Amino acid sequence: MFPCGPGSPGGDRMAGAGTEEPAPLGEQAVAVGPLPAPLLPPPPPPGADAAPPLSPSRSPRYAGSPSPTPAAARAGEPWPAGALKSSAAPAQGKPSQPSPPRRRAGPDGGVGASLGGPGARLFGWLRERSLGRGVFVDPARDNFRTMTNLYGSIHPADSVYLSTRTHGAVFNLEYSPDGSVLTVACEQTEVLLFDPISSKHIKTLSEAHEDCVNNIRFLDNRLFATCSDDTTIALWDLRKLNNKVCTLHGHTSWVKNIEYDTNTRLLVTSGFDGNVIIWDTNRCTEDGCPHKKFFHTRFLMRMRLTPDCSKMLISTSSGYLLILHDLDLTKSLEVGSYPILRARRTTSSSGVSPRNSLEVLTPKVPGERDRGNCITSLQLHPKGWATLLRCSSNTDDQEWTCVYEFQEGAPVRPVSPRCSLRLTHYIEEANVGRGYIKELCFSPDGRMVSSPHGYGIRLLGFDKQCSELIDCLPKEASPLRVIRSLYSHNDVVLTTKFSPTHCQIASGCLSGRVSLYQPKF
């Protein structure tokens, strides 16, 4: 899926010590006669020191510009003063020897790009654009790079504690899209709202649900949804927090996570009843929203949508990862067992996978030969390049954080439309807080991972420079690099989250404390 990094080696060595190659056009020495009198510099006045002629690199007119070609000179463009010696000397004495070719490394290091010139610059611009880079394509890229460097300078002493008193464990943290509000899902039926900039408490929704709150999801800067073990989903408006917008009923067991399709404005929820339910928020009333069951499978743990909503990923407690390709949320899939799921992986007679084509995978996890793990946490790269899993072993004695890149392409086998995931990075986690799900996350630019680790969090990178994933894809799976470890809790950390707009990380622990990490200036 990802374009390769450096291509063919840039720059060719000369064939032999005694051979010489003719210089490329535009670099050969050309004999030019004396320039017309009006173009020559005036002589210095008597008694004054003669100033040396300006070199092309210091001439104000030609600063930062390439040397003009002979064709340009013949067209009437004056040559820089410093170029007179190199151009006029061959006409007065013996002919000059051709200079060896000068090559400049292109953006991909290839021979074609190493010649430099407008073609290489255009190639480099197109390549950066294809990768989603550049000032006009991704103007926030440099800002994210700066923020990534700041994350690496954070120390545990920079943490700020938010008082949650006796609200129970912190199960989930979520920032509003503009970063102005931090919401906290608590074990004891409550939702807390903080101002992450001033660290001040805004409001407590004391009876948000009748059981513990599991997940929070913002639909926009003012509307957000919460789900609970009381089998319901609640919609809230930041402008009117005294009452819910509405309560949604449809699940028959604990509701564990919420997704939202911004294009169709469809809310997608999943729970331990194995159901994935679609809610049409376009027709929402005080009594709820129209809904339908989209998908069902056993042992469902987490469900996520890719950023472009083209795929749905579902993790299970039995170690399977289900991927629905070419997602169409308007069509329901009544499927209930893995043999039927695998039967649906076949392609159509035309060779094109149908909408909602299903792939069943058993992700490879280091250290597990049988690979029968429980996938407890599931996250997606903000650009849709990869998925992030937190897995625990069958015996619950090991935990791993793993990154898998998406691979698009032709079917590997006729019975399988794709082979989508490849393990690229991994790291073993601290095996503490057994029985609790630890929610990890990507940074807004996807360069770093924040993962709960014992009584703190670890900031992980794909390499020591915190490069983007596509710039450091290994041929074989390699360990994630620990950029910074932050330990400031007195209990097991269960969840962590990056701010979408500020250089800030939040973490929540089993005893109900929330910590904010940010650099001090």
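**Nonpolar cores and aromatic contacts**

Good morning. I begin with a charge placed over a ring: the charged end of Lys256 sits over the ring of Phe272, at 5.0 Å from the ring centre. A further case involves Lys311, whose charged end lies over the ring of Phe406, 5.4 Å from its centre. Please bear in mind that this is a predicted model.

Let me turn to the aromatic pairs. The count comes to five aromatic pairs. One of them joins Phe218 and Phe224, with 5.3 Å from centre to centre and 40 degrees between the planes, and this pair is classed as tilted. Phe218 and Phe224 are both buried. Ring pairs also bring Trp236 together with Phe218 and Phe224 in a cluster.

I now come to the nonpolar cores. In soluble globular proteins, nonpolar side chains tend to be buried together. Which residues of the largest nonpolar core touch the most other members? They are Val276, Phe294, Phe295 and Met312, in a core of 19 residues. At least two residues of this core are supplied by each of the strands S11 (266-271), S12 (275-280), S13 (291-296), S14 (300-305), S15 (312-316), S16 (321-325) and S17 (357-361). Strand S14 gives the largest share, three residues.

Phe294 deserves a separate remark. Setting aside neighbours within four places in sequence, Phe294 has contacts that include Val276, Ile277, Ile278, Met312 and Leu324. Also among its contacts are Asp328, Lys331, Ser332 and Asn356.

Finally, there is a second, separate core of 16 residues, and among its members are Leu313, Leu380, Leu421 and Leu423. Thank you for your attention.

Notes: Residues are numbered from 1 along each chain as its sequence is written. This is a predicted model: local features need pLDDT of at least 70, side-chain atom pairs count only at pLDDT 80 or more; totals for chains, interfaces and linings use all residues. Side-chain values use heavy atoms; hydrogens and water are left out. A nonpolar core is a set of buried Ala, Val, Leu, Ile, Met, Phe, Trp, Tyr and Cys residues joined through side-chain atoms within 4.5 Å. Buried means under 20% relative accessible area, exposed over 50%, partly exposed in between (1.4 Å probe, protein chains only). Helices (H or I, at least four residues) and strands (E, at least two) are DSSP runs, numbered from the N terminus. Contact means heavy atoms within 4.5 Å. Rings of Phe, Tyr and Trp (its six-membered ring) pair if their centres lie within 6.5 Å; planes under 30 degrees apart count as stacked, over 60 as edge-to-face and the rest as tilted. A charge sits over a ring if NZ of Lys or CZ of Arg is within 6 Å of the ring centre and within 35 degrees of the ring normal.
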